[in-house]
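Please read it alongside the sequence and coordinates.

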Amino acid sequence: MEKLGIDPILIGAQVVNFLLLLFILKKLLYKPILSMLDERKQRALQIEETQQSLKEAQAGLGKEKEQLVREAKVEADKLLQDARQVSEQVKKQIDHEAREKAAEMMAKSKKEIEAETQKIRENIKQEVSQVAVKVAEEILRDEITPEQRKHVLAESVRRFTNG
Amino acid sequence: MDKKLESVSANIVDKILATGSSELGEMVIQKLKERLSSKTATVYYAGELEEAEKQLVTAKLKNKFTEMMSVEFIEDGSLIAGIKIRYQDYVYDDSLVGKFR
């Protein structure tokens, strides 16, 4: 062995050295590093789990959201329908009232027109009578003779004195 | 005219003249006219009214209105024919125009 250049003591020492180093490294380096790696692995697992649960939660929320949106749409449709019905009713009511009002106004106008027409007729009658009287007076004034006038006067005096 | 009435009138006139105021005289005349007109009946007629007819009308009016003092006769052609009498609030219309209206 000495001829090969192998020193057993040296090898022994190196082995011891090596083992010592291994021991020291294991104690001071490997363990902490390994534990650190473990921790990281654990954390990574945890994060993954959290992400998974968040995904699931999100999926759940998404479904809930969809449900809410559906419900809201149904409610909105219902409200719209109700609003349309109310609007129709109000429109009908307004139409009806407007027609009644228009009929009332027409009837009133008709009455007023009739009254005005009657008044005009009366006025015309009066004026025509007045004109007729005037014409009759003029004719009589022109046609009456002095003898007739004298006779009428005498009769008038007789009526007054005998009355 | 009655002599007593004549004498009374003459006295009144003398007293008025004695005041020397012509204004007083005019006022008295004005008042007399107003009072007399309210006691005067007016007869409007169209045509020819005989004197006898005037007297008949006058007598009838004096009988009806004892306080009336005089009657005035006015020709009014607008009546066409007949008579119309007015005395204070009293109106008698027997004219042809009155009959039309």
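**Strand pairing and cores**

In chain B, Ile85(B) stands opposite Tyr92(B), a residue of strand β4(B). The model is predicted.

**Strands of chain B**
- Strands β3(B) and β4(B), the latter spanning residues 90-93, pair in the antiparallel sense over four bridges.
- Two residues lie between the strands of this hairpin, and Gln88(B) takes a positive phi near 50 degrees there.
- Strand β3(B), residues 82-87, also runs antiparallel to strand β1(B), residues 40-46, and five bridges join the two.
- Within β3(B), Gly82(B) is the residue that Ala46(B) stands opposite.

**Nonpolar cores**
- The largest nonpolar core has 15 residues, and Val57(B), Leu61(B), Met68(B), Ile83(B) and Ile85(B) have the most contacts inside it.
- At least two residues of this core come from each of α2 (146-162) of chain A and β1, α3 (51-64) and β3 of chain B.
- Beyond its neighbours within four places in sequence, Leu61(B) is in contact with Phe160(A) of chain A, and with Ala41(B), Val43(B), Met68(B), Val71(B) and Ile85(B) of chain B.
- Another core, of five residues, lies apart from the largest one and includes Ile80(B), Ala81(B), Leu96(B) and Val97(B).

**Chain A**
- Chain A has two helices and zero strands.
- Of its 163 residues, 5% count as buried.
- Its accessible surface comes to about 14,900 Å², with 61% belonging to carbon and sulfur atoms.

Key: Residues numbered from 1 in each chain as written. Chains lettered and ligands numbered in written order. Predicted model: local features only at pLDDT ≥ 70, side-chain atom pairs only at ≥ 80, totals over all residues. Heavy atoms only, no water. Pairing = 2+ DSSP bridges. Core = buried A, V, L, I, M, F, W, Y, C linked by side-chain atoms within 4.5 Å. Buried < 20%, exposed > 50% of the residue type's maximum accessible area, 1.4 Å probe, protein only. Contact = heavy atoms within 4.5 Å. Areas by Shrake-Rupley, 256 points an atom, 1.4 Å probe, with all protein chains shown as cover.
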